[in-house]
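Let's take a walk through this structure together, one stop at a time. Have the sequence and the 3D view ready, and follow along.

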Amino acid sequence: MRVFSSAIREVINEVEKKVVGKRREVELILASLMSEGHVLLEGVPGVAKTLLAKTISSALGLEFKRVQFTPDMLPSDIIGVMVYNPRTSEFSFRKGPVFTNILLVDEINRASPKTQSALLEAMQERQVTVEGVTYPLPRPFLVIATMNPIEIEGTFPLSEAQVDRFLAKIEIGYPSLSETVSILDRYYEIVSDPIKPVIDLNSVLNLIEIVKNITVDQNVKKYISAIVQTTREHPMVRLGASPRGAIAMYLLSKAIAIMRGRDYVTPDDVKYVAYPTLSHRIILKTEARISGIKVSDVIADVLERVEVP
């Protein structure tokens, strides 16, 4: 297990050559990839969301594509389109950018609900269907979608079904003062130096299989279930986490255990992934929002209430 955790640390160290001060975020994105999930990145413009996704794909030796969502974008711009060939008098399928290993969807909430829904089948079933024909997506397949938390004009709210498809929601904040100084010191190095692949496609696929074999004790499973159940019973919560939230905590905590060099999950691993897996699955009551209570406050309270095994 130490061999695999060492390989992941090498990937993180390579990513940190370009991305300053985002180690936790890098870990969670890698954990989502290893769990075959998808990530929603929320943060204001200019905090390295695109750089983070592109650098991670380069360090992993995976194919990367980026799509900028706009209000006039169509589903065919994402999944592909049937093209008529006059020479053969036949239609052929021209694959869209979704056929890649890591797909960065910039500003997902700028596209119409119809276009957003084009990603649903791809994210859940890892395939797309065009004209009745199903095309499997490459493996691994990770969608990293970005969203601006403050911009409202020209955006469409994400549906609950769409948000729930994301294994984790990661908030990208501003760098600290010292981190900003480091960015300025290393600016030309960051923009010009290439990132070398640390591992390859087969190694990533091996990591995905290893995650499946990580041991989760029955008491830890009960701990995860109790956390999710408590979110539903919390007095400030209108809608608690779904069973998919429990599955997300289960999968991500297993991937984090590998990064820590263990073949078993501890309650600390579960706590580490609690916020990114539950924050987008909890809807607060109106009185909670009026009182200034945040989802993070509720999750912290839930973790305090649930007894640690």
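What covers the buried residues of helix α12? Among the elements that do so are α2 (23-34), β9 (168-171), α10 (218-233), α11 (243-259) and α14 (295-305). Bear in mind as you look that this is a predicted model.

Helix α12 itself spans residues 267-278, twelve residues in all. From its first C-alpha to its last it reaches 16 Å, close to the 16 Å expected at 1.5 Å a residue. The buried residues of α12 are Pro267, Asp269, Val270, Val273, Ala274, Pro276, Thr277 and Leu278.

A pair of aromatic rings is described by the distance of the centres and the angle of the planes. Searching the whole structure turns up three aromatic pairs. In one of them, the ring centres of Phe93 and Phe99 are 5.9 Å apart and the planes stand at 70°, so this pair is edge-to-face. Phe93 and Phe99 are both buried.

Phe93 has another partner in Tyr135: here the centres are 4.2 Å apart and the planes are at 20°, so the pair counts as stacked. Where do these two residues sit? Phe93 belongs to strand β4 (residues 90-95) and Tyr135 to strand β7 (residues 133-136), so their pairing ties together parts that are 42 residues apart in sequence. Phe93 has a relative accessible area of 16%, while Tyr135 has a relative accessibility of 18%. Buried means under 20%, so Phe93 qualifies, and so does Tyr135. Put together, Phe93, Phe99 and Tyr135 form one aromatic cluster.

For a last stop, turn to Thr115, which is found in helix α5 (residues 113-125). Is Thr115 buried or exposed? With a relative accessibility of 0%, Thr115 counts as buried. Which residues does Thr115 touch, leaving aside those up to four places away in sequence? The contacts of Thr115 are Phe69, Met73, Leu74, Pro75 and Ile78.

Terms used: Residues numbered from 1 in each chain as written. Predicted model: local features only at pLDDT ≥ 70, side-chain atom pairs only at ≥ 80, totals over all residues. Heavy atoms only, no water. Helix = DSSP H or I, 4+ residues; strand = E, 2+ residues; numbered from the N terminus. Expected span 1.5 Å × (residues − 1). Buried < 20%, exposed > 50% of the residue type's maximum accessible area, 1.4 Å probe, protein only. Contact = heavy atoms within 4.5 Å. Phe/Tyr/Trp six-rings, centres within 6.5 Å; stacked < 30°, edge-to-face > 60°.
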